[in-house]
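My notes follow in the order I made them.

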Amino acid sequence: MEQAQTTVENTALSSALLASLFSQITEEQDLKILDMGMATPATVNFFGQVKTQLQFCGLIDSHLEQYNNPENTHAERVAIFKSSLNIQAGIKFDVILFWDIFCYLSAPAMVALLEALAPHFHSRTRAHSIGQLNARQKMVFSEYGINKIDELYQQPNDSEQPKLYSHTRHDFGRLLGYLRVDRSCLLSGNRVENLLLLNQEP
């Protein structure tokens with residue numbers, strides 16, 4: 001059955017969870033942020049207001065399917081992710097912006113990504129993700145950022161959309177491993193946003 005089409009109507013999405021993502025952060029703190037997407041002017045401007053070490057991974061692109069290769073072993077997937085992430089040894093992130101990357105990863109790839117990231121979690125690490133609400137409806141391939149503390153930025157990604165992988169709510173929670181879903185809220189365009197907290201320290 002052909003999936004129903006959705007469109008990105010504007011470049012702003014109201015967010016009920018961003019404020020909680022940053023609620024424990026003080027102005028004196030030197031923030032360490034990991035963004036799985038591409039650098040957007042909105043995100044750069046938002047974090048430019050505070051002391052921040054901001055790293056963009058650029059993983060969310062048309063080449064995401066390489067991480068889902070079923071012929072790779074778990075160790076090989078972890079190694080590929082570590083190479084792509086290229087994170088400095090010893091750095092611990094306060095906030096991780098996964099955006100919708102989990103929608104484009106198979107279960108084994110999702111587990112491998114989180115294992116590659118585990119050494120960079122600390123007890124107060126928080127994360128944000130965007131998921132597909134209804135697997136029978138299409139989710140537009142988008143780039144995301146942050147406009148302000150209660151508003152996300154989005155724009156259509158013109159490159160080829162990677163294959164979507166649907167994870168049930170139960171499976172998603174199980175696959176998160178060290179993380180857990182603290183709260184979820186609906187977004188427009190067949191999406192849900194999640195606030196993720198550390199479930200256990202690596």
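**Entry 1: helix α4.** I began with what the buried residues of α4 pack against: β2 (31-35), α3 (74-85), β4 (95-99), α5 (169-175) and β8 (179-187). The model is predicted, and I keep that in mind throughout. Next I listed those buried residues. In α4 (residues 107-117) they are Ala 109, Met 110, Ala 112, Leu 113, Leu 114, Ala 116 and Leu 117.

**Entry 2: the core.** I then looked up the largest nonpolar core. It has 57 residues, and Met 36, Phe 98, Ile 101, Phe 102, Leu 105 and Leu 113 touch the most other members. Which element gives the most to this core? It is α4, with seven residues.

Leaving out residues up to four places away in sequence, Leu 105 touches Leu 64, Tyr 67, Asn 68, Phe 81, Met 110, Leu 113, Tyr 165 and His 167. Met 110 and Leu 113 are among the buried residues of α4.

**Entry 3: the largest pocket.** I asked how much space lies in the largest pocket. The value is about 280 Å³. Its lining has 16 residues, and the closest to the centre are Gly 131, Gln 132, Leu 133, His 167 and Val 192. Two or more lining residues come from each of β5 (126-132), α5 and β9 (191-198). β5 gives the most, four residues. By type, I noted eight nonpolar, seven polar and one charged in the lining. His 167 had already turned up in the contact list of Leu 105.

**Entry 4: salt bridges.** I searched the whole structure and found three.

One joins Arg 174 to Asp 171, with the closest N and O atoms 3.4 Å apart. Both residues lie in helix α5, three residues apart, about one turn of the helix. Are they buried or exposed? Arg 174 is exposed, at 53% relative accessible area. Asp 171 counts as partly exposed, at 26%.

The other entries share Asp 182. Asp 182 pairs with Arg 180 at 3.5 Å between the closest N and O atoms. Asp 182 also meets Arg 183, at 3.9 Å from N to O. Asp 182 is partly exposed at 34% relative accessibility. Arg 180 is partly exposed at 34%, and Arg 183 is partly exposed at 37%.

Definitions and conventions
Residues are numbered from 1 along each chain as its sequence is written. This is a predicted model: local features need pLDDT of at least 70, side-chain atom pairs count only at pLDDT 80 or more; totals for chains, interfaces and linings use all residues. Side-chain values use heavy atoms; hydrogens and water are left out. Buried means under 20% relative accessible area, exposed over 50%, partly exposed in between (1.4 Å probe, protein chains only). Contact means heavy atoms within 4.5 Å. On a 1 Å grid over the protein atoms alone, a cavity is a set of points where a 1.4 Å probe fits but cannot get out, and a pocket is an open set with protein on both sides within 12 Å along at least five of seven lines; lining residues have an atom within 4 Å of a point. Grid points are joined across faces, edges and corners, and a volume is the space filled by probe spheres set on the points. Ala, Val, Leu, Ile, Met, Phe, Trp, Tyr, Cys and Pro count as nonpolar, Asp, Glu, Lys and Arg as charged, and the others, Gly among them, as polar. A nonpolar core is a set of buried Ala, Val, Leu, Ile, Met, Phe, Trp, Tyr and Cys residues joined through side-chain atoms within 4.5 Å. A salt bridge is a side-chain nitrogen of Lys or Arg within 4 Å of a carboxyl oxygen of Asp or Glu.
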